[in-house]
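Please open the model in a viewer and keep the selection tool at hand.

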Amino acid sequence: MNIKRINQMFLITVLISLSAGLMPLSRMFPDYGVRLLFSEILLSAPGAAWIIAGKRNYAHTVRLKKIHGSTVVLLFLFYISIMPLMSLINAISMLFVENVTANTMQQVVSGHSFPVSLVLIALLPCIFEESVYRGLFYNEYRKVAPIGGIVLSAFLFGIMHGNWNQFSYAFVMGVVFCLIIEATDSILSSMLLHFFINGTSVVLLSFMDKLSARFPEEMSQALGEAEAVTKLTLGGILRTYLPMALAGTVAAIVIYRQIAIKEGRLAAVRGLFKRGKTGEGTVAVQPSGKEKPPVARLFSIPLIVAIVLLLALMVVNEVMI
């Protein structure tokens, strides 16, 4: 699969998603959970079709390999460490745009049992989205430009969410997911990290639902106080979130290094950041004077068209909120 074809696949994915947005999904699928499942299937359909049509091995294509059991524990600690940074980014973004996903997730959790909610919000996205954005897009882009591939695949992951609030932290998490894959040489690690993030939201929302049922007045007051926190000024947000975000990020870097050491990938990660190197530490082909530089070769007309369409949609969505 070359860059031109994978960019065409992204454009097809965007066109399918936009076409679905014109359909009366709320009437077709009154259940929020079914609607979420439908969107995940649409997202993965072009990539799945490419793998099946070419009779390709899924595990080899998306870079699915075993990791050490202790690495799973380190990944969970890494997740805990990185979340304060995500909270900071989310809080800052909400100074300018509205959080449009909280209500949808609440609807899914409230309308389904905990196991079903966990599957819909955590398990399926961690498999489908990672297989597409990291397994197909990033793993192909990295062959041309490792760092450029990280940034571009994370950017596509962010804008595909369709709103500026989710884009802000999805982009950062997209970068983190790629780096985690490089530290382990396996997409299983980013799937686990993705599951931890979404799964925690399910646990918290389910817990809040139960508390609201038992202590309605107390929870109403607590939610009111929490809403007041979201209305902080930039200075208030920095004072509230920045210390933990800085401490957590330092801890995450230390844990990340331990993950790379445990999986024997420290040299490969270091090579990723050296000019002219690929993620495997081998010298990349340098372009001649007539060739495009590596990062430029990641782009093609289909990709540019897809990006313009998604950015326009995000602007329209923000105006309509």
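**A tour of the aromatic rings**

Begin by selecting Arg35 and Tyr32: in this predicted model, the charged end of Arg35 is placed over the ring of Tyr32, 4.6 Å from the ring's centre. Next, select Trp50 together with Arg56. Here Arg56 lies over the face of Trp50, and the distance to the ring centre is 3.6 Å.

The tour now turns from charges over rings to pairs of rings. How many aromatic pairs does the structure hold? There are 12 aromatic pairs. Select Tyr79 and Phe196 for one of them: the ring centres are 6.1 Å apart and the planes meet at 40°, so this pair is tilted. Tyr79 belongs to helix 5 (residues 69–93) and Phe196 to helix 10 (residues 187–214), so the pair ties together parts that are 117 residues apart in sequence. Are these two residues buried or exposed? Tyr79 counts as buried because its relative accessibility is 7%, under the 20% cut-off. Phe196 is likewise buried, at a relative accessible area of 15%.

Proceed to Tyr133 and Phe137, an aromatic pair of the edge-to-face kind, with 5.7 Å from centre to centre and 75° between the planes. Both residues lie in helix 7 (residues 114–141); they are four residues apart, so about one helical turn separates them. Tyr133 and Phe137 are both buried.

Terms used
Residues numbered from 1 in each chain as written. Predicted model: local features only at pLDDT ≥ 70, side-chain atom pairs only at ≥ 80, totals over all residues. Heavy atoms only, no water. Phe/Tyr/Trp six-rings, centres within 6.5 Å; stacked < 30°, edge-to-face > 60°. Helix = DSSP H or I, 4+ residues; strand = E, 2+ residues; numbered from the N terminus. Buried < 20%, exposed > 50% of the residue type's maximum accessible area, 1.4 Å probe, protein only. Lys NZ or Arg CZ within 6 Å of the ring centre and 35° of its normal.
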